[in-house]
Amino acid sequence: MAKVIPVTVIQSTVKQSKMRRTSVSIMACLLYGISGFSQHGVGPLWGEEVLLPISNSMRKQRGVLYNNMAVLPSGRICVSTTETNPGNTGLPLGQFLCYSDDGGAHWSAPAALLTPKLFPGGNGVKLVAGSGDSLFVIWSAVNPPVVFLTILDRDFQILKDTIRVANKQLHGNFATHFTSDRYGRLHLMWHEGNTNSPQTAEAFYSRSLDRGLHWETVQPLSRADGRHSAFPHADFDVAGDTLAIPWRDSVQGNNWDIQMVYSTDGGASWSQARTVVASGGADWDPALLIDPYGRMHLFYHLYPQGDPFWGAQVRYTYSDDLGSSWQLPVDPSGGQLSAAGMRSQLVEGLRYSPYTQTLWLSWKDERDFDPATGHVAGDMMVAQSKDRGQHWSAPEFATDRGDSTLGFKAAALLPDGSYCVNYEIISPGDINDPNGFLRVYFRKRQHTITGADIDAPGLTQTWNFPNPVRGSTLPTLVNEEHSPVFISVFSLSGQQLAAAEIQPGAAWSFPPLLPGEYLLRWTSGNSRGQTLRFASID
């Protein structure tokens, strides 16, 4: 008789020896000029910081605004960085890629991405994972003023070079964001212009339906009304045909609103722009994610009138009707995710796990800003929701860097559900001081499976032996649901070893597995998914 698969609840712990933590802190002080020790610590599930490799230790190293990190189907983590002149961080000396196959503990030597170097001003490298472990790389050039795409294999060898995505539409200085949806369509959004100059910024969009080989005619998103429309930003990783793109739109002086367009046909056409947030203050740099059920999750930071500096705060709202109306969460009821009175801004790192229905985001917390010295002393804050934005966890610190400060940051989800980030750390003082420190770090938060995550579909099996099992006697799984069940097997390092879609009434057998521990995950349209940790002993 078939039995429901037993569930092992995975308890994640972080074990750090006091001696190791002390030595790391001392080394950080000596090497990086940090004047103080930890002030607030980090969340208990965050692992150690890992310094990403650099090709030349005499250079500085920068991250990239938005998505400079992608996780391939195999679990390989890829990160792009920029190496710069130590005395002029605005002068890039090369774009580089590195990867990790063990969840970020160890990294490959940096590989130069040669294509952008061939074009004056080539920079802004953004990454999206493709099928078959391919990697889509978007970058822009100044001369000619064009956005290009390069397609690489998992080892960063060029599969397709220098595909022209979009020509200059207005001014040619591109600020891009790059994403893909669950159907494999690629989406690029950007603005051209400069909000600190008379070059009025406007927002644009294009998409590819054939994995980047050809791109559709550029569509303007914002109204050419003589006012800045800047930093369009939306993540479509788990979205279908319902899409939306927000940006910040200038009103007058320091007053900015948030405007948005939406699409119900996967980006083929877009609505007219509408204002979705207008507080009377500076509603700034929105980020939007659409979950698999079409809910629009909108995040932004606000510089309120009366207290625009210390009052800076991160806010959240959501819409289930294409942005016609917006709702606040149950907790926090006012929609302010950051702590009251703690200067917070710059939302990034939006990710949604369809397996556990967990929504993640990060922002920059500047509560330790020192007015006397001007040191920002910013750290990364992270929060999550497990019920599609109704309730949010207490924010937790992902970094604690004393009087150094956080720069560009990005996030990704690993196959086992772990949330991982990379970020710049900048030493106090002038970022262009040749003796200052500027490098990129990686950090991973361990994933936990809780009772709230477990709602098993009708997937049954016959275990010939209890867990642990012998590799030769791994069970056959039978789908007793009325809809397909999606199943995956991962190593504990996050590498996907097998994946299948099991139709109703069909069976599936495990592939051969070496002795070791593994994660088995399954989910269906009627469940939130379930994860089992098991061991194969022969």
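By class, how many nonpolar, polar and charged residues does the lining of the largest cavity have? I will come to that through the cavity itself. Please keep in mind that this is a predicted model.

Two cavities of 30 Å³ or more are found in the structure. The largest has a volume of about 70 Å³. Its lining consists of Tyr66, Asn67, His177, His233, Asp235, Glu348, Gly349, Leu350, Arg351, Lys409, Ala410 and Ala411. Sorted by class, that is four nonpolar, four polar and four charged residues. Two strands, β24 (344-353) and β28 (405-413), each supply at least two residues of this lining. The most comes from β24, with four residues.

Next, the sheet. Strands β12, β13, β14 and β15 form an open sheet in that order, with antiparallel pairing.

Last, the nonpolar cores. The largest has 24 residues, and those touching the most other members are Leu221, Phe236, Ile245, Val261, Trp270, Leu288 and Ile290. Among the elements that give it two or more residues are β14 (202-208), β18 (243-252) and β21 (282-290). Take Trp270: leaving aside neighbours within four places in sequence, Trp270 is in contact with residues including Tyr205, Leu221, Phe236, Ile245 and Val261. Another core, of 18 residues, lies apart from the largest one. Its members include Leu289, Tyr316, Tyr318 and Trp392.

Key:
Residues are numbered from 1 along each chain as its sequence is written. This is a predicted model: local features need pLDDT of at least 70, side-chain atom pairs count only at pLDDT 80 or more; totals for chains, interfaces and linings use all residues. Side-chain values use heavy atoms; hydrogens and water are left out. A nonpolar core is a set of buried Ala, Val, Leu, Ile, Met, Phe, Trp, Tyr and Cys residues joined through side-chain atoms within 4.5 Å. Buried means under 20% relative accessible area, exposed over 50%, partly exposed in between (1.4 Å probe, protein chains only). Contact means heavy atoms within 4.5 Å. Two strands pair if DSSP finds at least two bridges between them. On a 1 Å grid over the protein atoms alone, a cavity is a set of points where a 1.4 Å probe fits but cannot get out, and a pocket is an open set with protein on both sides within 12 Å along at least five of seven lines; lining residues have an atom within 4 Å of a point. Grid points are joined across faces, edges and corners, and a volume is the space filled by probe spheres set on the points. Ala, Val, Leu, Ile, Met, Phe, Trp, Tyr, Cys and Pro count as nonpolar, Asp, Glu, Lys and Arg as charged, and the others, Gly among them, as polar.
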